[in-house]
Amino acid sequence: MIRWGILGAGRIARKFAASLRELPDARLAAVGSRSAERAQALAAEFGALRCHASYRTFAEDPEVDAVYVATRHPWHREAMTLCLRAGRAVLCEKPFTVNAVEARDVVALARSRKVFLMEAMWTRFFPVMTPLAQWLAAGRIGEPRLFQGDFGFLNDWKPEGRHLNLALGGGALLDVGVYLVSLSSKFFGRPESVVSQAALGETGVDESCGMVFRHSGGRLSVLTAAIRTDTRKDVVLYGTAGRIEIHVPFWKPSAITFTPLQGAAERIERPYPNFGYQFEAAHVMQCLREGRTESSLMPLDETISIMETLDAVRAPWGLRYPGECAAPEAPCV
Ligand SMILES: NC(=O)c1ccc[n+]([C@@H]2O[C@H](COP(=O)([O-])OP(=O)(O)OC[C@H]3O[C@@H](n4cnc5c(N)ncnc54)[C@H](OP(=O)(O)O)[C@@H]3O)[C@@H](O)[C@H]2O)c1
């Protein structure tokens, strides 16, 4: 039995807690929140016996094996640091951190302490991603050439909310663009060159953005993200012999289609119960049982590389989060 703790008792925390119910060898042991009331409410709903009204006492709780960090992104680094220093394995929500400087800092800490750490990029762990990998390995689409995708949804106009508020790490790139950048990285690796444009709204965050990456061998990624515009929300990988679509909702996928240049399309569906966070949680548990400190499906070096790409994408926009120096590559205050 792996004993999970959840740090940050917000919206996503509730869904992760519900997903853990799918895993007979997992249980929610503890919840940490800045608010005792919020911690108790989440713990009571999901049967956790231990509540902490402080991130520090939560991190030091010896009854926890693995922590799911579910705070808003500007507090990911602090939450991860507290937990790693206390020797807890950590699964941290996306975006891993606000910038690459923070990411390298946390990864160095985990490695120096030999403690498990992984970015919670849950898309990679859904069952339908296995046949997708098999199609690619079998060369069904030939040589992959172009990755195209979009992730945009229409948020209510709440300037103080986490999507539009600069102080809360708002903006399309960090909230939803990261899924596209992560898939692009999975298919094509780190880009050689990045160009981008953003529409910065009145709160200063990118309400929509477009990115084009050039990868080695002339491969391209063409991606758009938005938080004030509803878009198709699917992705396509085009190759010399056909294409693979990951259907909406591509970030928590249950269906893919392979369409050859000639011939009939093939669709695979892998529906799943609950919210879908059980797959990444199960992977973490497998890593812990095997004594690993990193995942081979979401490696820490790739997480850093993805954060570096996100920094490069927003560098020309002049978008800086509070505490960041003028250049995202400069250390934070
Ligand atoms: N994988 C996915 O599908 C998915 C979906 C949505 C969000 N996310 C990610 O999950 C994270 C949380 O998103 P959410 O929608 O759950 O956010 P949320 O409900 O708005 O907030 C989550 C928690 O952040 C904590 N927090 C810590 N310091 C804070 C501060 N100074 N001000 C405000 N909040 C603070 C709060 O925890 P306490 O008050 O309890 O301490 C709050 O409950 C984000 O990084 C987001 O990108 C992932």
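Val 212 is located in strand S9, which spans residues 206-215. In this predicted model, Val 212 also contributes to a nonpolar surface patch of about 260 Å².

**Nonpolar surface patch**
- Val 195, Val 212, Leu 220 and Val 222 together make the patch.
- Val 212 counts as partly exposed because its relative accessibility is 32%, a value between the limits of 20% for buried and 50% for exposed.

**Ligand site**
- The ligand is surrounded by 23 residues. The closest are Ser 33, Arg 34, Arg 38, Tyr 55 and Arg 72.
- The side chain of Arg 72 places an N or O atom 2.8 Å from an oxygen atom of the ligand.
- A backbone N or O atom of Arg 11 is 2.9 Å from a ligand oxygen atom.
- In the side chain of Glu 93, an N or O atom lies 3.2 Å from a nitrogen atom of the ligand.
- The ligand taken alone exposes 900 Å², of which the protein buries 88%.

**Surroundings of Gln 148**
- Gln 148 belongs to strand S7 (residues 144-152), and it is partly exposed, with a relative accessibility of 34%.
- Apart from neighbours within four places in sequence, Gln 148 is in contact with Val 222, Asp 234, Val 235, Val 236 and Tyr 238. Val 222 is also one of the residues of the nonpolar patch.
- Gln 148 and Cys 92 are 56 residues apart along the chain, and their C-alpha atoms are separated by 26 Å.

**Salt bridges**
- The whole structure contains 23 salt bridges.
- Arg 14 and Glu 45 form a salt bridge through their side chains, with an N to O distance of 2.9 Å. This pair links distant parts of the chain, since Arg 14 is in helix H1 (residues 11-20) and Glu 45 is in helix H2 (residues 36-46), 31 residues apart. Arg 14 is partly exposed at 30% relative accessible area, and Glu 45 is partly exposed at 41%.
- In the salt bridge between Arg 50 and Asp 61, the closest N and O atoms are 2.7 Å apart. Arg 50 lies in strand S3 and Asp 61 in the loop between helix H3 and strand S4, so the pair ties together parts 11 residues apart in sequence. Arg 50 is partly exposed, at 32%, whereas Asp 61 is buried, at 2%.
- Asp 175 and Arg 162 meet in a salt bridge of 2.9 Å, N to O. Asp 175 is in helix H7 and Arg 162 in the loop between S7 and H7, so parts 13 residues apart in sequence are tied together. Asp 175 is buried, at 4%, and Arg 162 is partly exposed, at 23%.
- A network of salt bridges links Arg 3, Glu 63 and Asp 65.

Terms used
Residues are numbered from 1 along each chain as its sequence is written. This is a predicted model: local features need pLDDT of at least 70, side-chain atom pairs count only at pLDDT 80 or more; totals for chains, interfaces and linings use all residues. Side-chain values use heavy atoms; hydrogens and water are left out. Patches are made of residues with over 30% relative accessible area and no salt bridge: like charges are joined within 9 Å, nonpolar side chains (Val, Leu, Ile, Met, Phe, Trp, Tyr) within 5 Å. Accessible areas come from the Shrake-Rupley method with a 1.4 Å probe; for residues, only the protein chains shown count as cover. A salt bridge is a side-chain nitrogen of Lys or Arg within 4 Å of a carboxyl oxygen of Asp or Glu. Helices (H or I, at least four residues) and strands (E, at least two) are DSSP runs, numbered from the N terminus. Buried means under 20% relative accessible area, exposed over 50%, partly exposed in between (1.4 Å probe, protein chains only). A residue is near a molecule or strand if one of its heavy atoms lies within 4 Å of it. A polar contact is a pair of N or O atoms within 3.5 Å; within protein, one must be able to donate a hydrogen and the other to accept it, and residues adjacent in sequence count only if both atoms are side-chain atoms. Contact means heavy atoms within 4.5 Å.
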